[in-house]
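Please read its points beside the sequence and the model.

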Amino acid sequence: MPVEPSILSMDNPVLVTYLITAAIAILKLMLQPWMTVYRMMKVRSGFRSPEDTKKTSLNPNPVPGQLEVNEYVERSRRLNLNDLESIPGYLAAGFLFVLTGPPLWLAQVLMWTYVVARMAHFCAYVTAQIHDIRATFWTFSSLPVLIMTGYVLLTALSA
């Protein structure tokens, strides 16, 4: 009789899949603001707070338009907000999903679909693709989270 690996053990391939995909999602979440900062510094615009227009070592030559809305910067901010709306749900649902001991194939399909769809959504958004394309990729990232959550709920209700 095969020995079951502990659910919260690195011997559990479902947990390992979650850890890898969660780490990628967290990196995406934490690196996106750096893209926004880079864009703000590049165009010297899109700053948000009045104190940001003061002369400092990082802003040695403030210009009057620094607080004006800049689409180049705002696009990156919207990407970050979308990540903040999506990634925490994946992290929670994915972890609860791991605890239910799902089949490896199902976990891999759902978790990797989520990550690939989020990366595709990023590419579509950063290149200003039409809403239909972005929405398609968003949908493909949302469905795995909903499926995992439903699986968790059904598993818990049948326990």
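1. A charge sits over a ring if NZ of Lys or CZ of Arg is within 6 Å of the ring centre and within 35 degrees of the ring normal. By this rule the charged end of Arg134 sits over the ring of Tyr125, 4.7 Å from its centre. The charged end of Arg39 is likewise placed over the ring of Tyr72, at 4.1 Å from the centre.

2. The model is predicted, with local features needing pLDDT of at least 70 and side-chain atom pairs pLDDT 80 or more, while totals for chains, interfaces and linings use all residues. Residues are numbered from 1 along each chain as its sequence is written, and side-chain values use heavy atoms, leaving out hydrogens and water.

3. Thr21 lies in helix α1, residues 13-43 (helices are DSSP runs of H or I, at least four residues, numbered from the N terminus). Thr21 has a relative accessible area of 0% and is therefore buried (under 20%; exposed is over 50% and partly exposed in between, with a 1.4 Å probe and protein chains only). The side chains of Thr21 and Tyr90 are joined by a polar contact of 2.5 Å (a pair of N or O atoms within 3.5 Å; within protein, one must be able to donate a hydrogen and the other to accept it, and residues adjacent in sequence count only if both atoms are side-chain atoms).

4. Leu67 is found in the loop between α1 and α2. Its relative accessibility of 36% makes Leu67 partly exposed. The C-alpha atoms of Leu67 and Pro50 are 7.2 Å apart, although 17 residues separate them along the chain.

Methods
Helix = DSSP H or I, 4+ residues; strand = E, 2+ residues; numbered from the N terminus.
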